[in-house]
Amino acid sequence: GLEGQEIIDKAKIYLKKKNWSYDIESDLGGPNGLCNPMSKEIKIKNADVKQMAKTTIHELSHFHLHGLEYNYQECRGIAEVQAESVAYTVLKFLGLDSSDYSIRYIIGWSQGDSKRFKESLKEIVETSQQIIKDLELTEGELKNVWFDKSNIKKTKQKTRLKISHNAKKKWESLGSPKFFGS
């Protein structure tokens, strides 16, 4: 499907205004995306459009949060938790669900330590808002791609409950039951 193509298109325009390059490549040697503040470039691995849109937001998070002065190697776990949390939040705002990938990724990079996530909430929220503003995104903008308008609220509620339940179960299995308010 084409869910997320608008994100990619708007990111290209935004980055060009900032004198950064944005390229889609067939192979990045492992990762789905790269953000290089030295060469001012973001590279995304060619995949399905939704994955590339999520990865684009993830790399835009690095663009905003982890510039030249950031010690990425020393703080990589926190950087990855922040970037993926922003990607999840922005996509959710637009009506796209990346929870299957994002929750596993965040848990992996946080090493099951909810403290890393909690300590980054301010940066996650502010960066999510900044990217939404930068790309001139509108809440629910992409929902009509696969939601019947008459059923959006009902579907959103079911999805939210399912995601919350699944996320809670994953965190509980890591010994962090209080994180989701249980």
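**Figure 1. The largest nonpolar core of the predicted model.** In this predicted model, the largest nonpolar core contains 29 residues. The members that touch the most other members are Leu15, Ile42, Ile57, Leu60, Val90 and Leu135. Two or more residues of this core come from each of helix 1, strand 3 (41–45), helix 2, helix 3 (76–94) and helix 6 (121–134). In soluble globular proteins, nonpolar side chains tend to be buried together. Across the chain of 182 residues, 41% are buried.

**Figure 2. Surroundings of leucine 60.** Leucine 60 belongs to the group of core residues that touch the most other members. With residues up to four places away in sequence set aside, leucine 60 touches Ala11, Tyr14, Leu15, Ile42, Ile131 and Leu135. Among these partners, Leu15, Ile42 and Leu135 are also listed with Leu60 as core residues touching the most other members.

**Figure 3. Packing of helix 1 against helix 2.** Two packed helices are described by the angle between their axes and the distance between the axes. Helix 1 spans residues 5–17 and helix 2 spans residues 49–65. The two helices pack at an angle of about 35 degrees, and their axes lie 8 Å apart. The crossing of helix 1 past helix 2 is left-handed. On the side of helix 1, the contact is made by Gln5, Ile7, Ile8, Ala11, Tyr14 and Leu15. Helix 2 contributes Val49, Met52, Ala53, Thr56, Ile57, Leu60, Phe63 and His64. By class, the residues of this contact comprise 11 nonpolar, three polar and no charged.

**Figure 4. Lysine 50 in helix 2.** Lysine 50 is located in helix 2. The relative accessibility of lysine 50 is 30%, and the residue therefore counts as partly exposed. Apart from neighbours within four places in sequence, lysine 50 is in contact with Glu3 and Asp97. Glutamine 5 is 45 residues away from lysine 50 in sequence, yet their C-alpha atoms are 7.5 Å apart in space.

Figure 5. Three strands, in the order 1-3-2, form an open sheet with mixed pairing. Strand 1 (21–25) and strand 2 (33–36) are at the edges, and each has a single partner strand, so one side of each has no neighbour in the sheet. Neighbouring strands are turned against each other by 15 degrees on average, direction ignored. Helix 2 lies across strand 1, strand 2 and strand 3, and runs at about 155 degrees to strand 3.

**Figure 6. Pairing of strand 1 with strand 3.** Strand 1 pairs with strand 3 in the parallel sense, over five bridges. Serine 21 has glutamate 41 of strand 3 as its bridge partner. Isoleucine 24 stands opposite isoleucine 44, which is in strand 3. In a regular strand the side chains alternate between the two faces of the sheet.

Figure 7. Strand 2 and strand 3 run antiparallel and are joined by four bridges. Asparagine 36 stands opposite glutamate 41 of strand 3. Glutamate 41 is also the bridge partner of serine 21. Lysine 40 is placed in the loop between strand 2 and strand 3. Although lysine 40 is not a glycine, this residue has a positive phi of about 55 degrees. Lysine 40 has a relative accessibility of 41% and so counts as partly exposed.

Figure 8. The loop between helix 1 and strand 1 contains asparagine 19. This residue is not a glycine, yet asparagine 19 has a positive phi of about 65 degrees. Because its relative accessibility is 61%, asparagine 19 counts as exposed.

**Figure 9. The elements of the chain in context.** The chain holds seven helices and three strands. Along the sequence, these elements follow the pattern α-β-β-β-α-α-α-α-α-α. Of the contacts between residues at least 6 apart in sequence, 62% join residues at least 24 apart.

Notes. Residues numbered from 1 in each chain as written. Predicted model: local features only at pLDDT ≥ 70, side-chain atom pairs only at ≥ 80, totals over all residues. Heavy atoms only, no water. Axes fitted to C-alpha atoms, helices over the stretch in contact; angles between N-to-C directions. Left-handed = near helix turned anticlockwise from the far one by under 90°. Contact = heavy atoms within 4.5 Å. Nonpolar A, V, L, I, M, F, W, Y, C, P; charged D, E, K, R; others polar. Core = buried A, V, L, I, M, F, W, Y, C linked by side-chain atoms within 4.5 Å. Buried < 20%, exposed > 50% of the residue type's maximum accessible area, 1.4 Å probe, protein only. Pairing = 2+ DSSP bridges.
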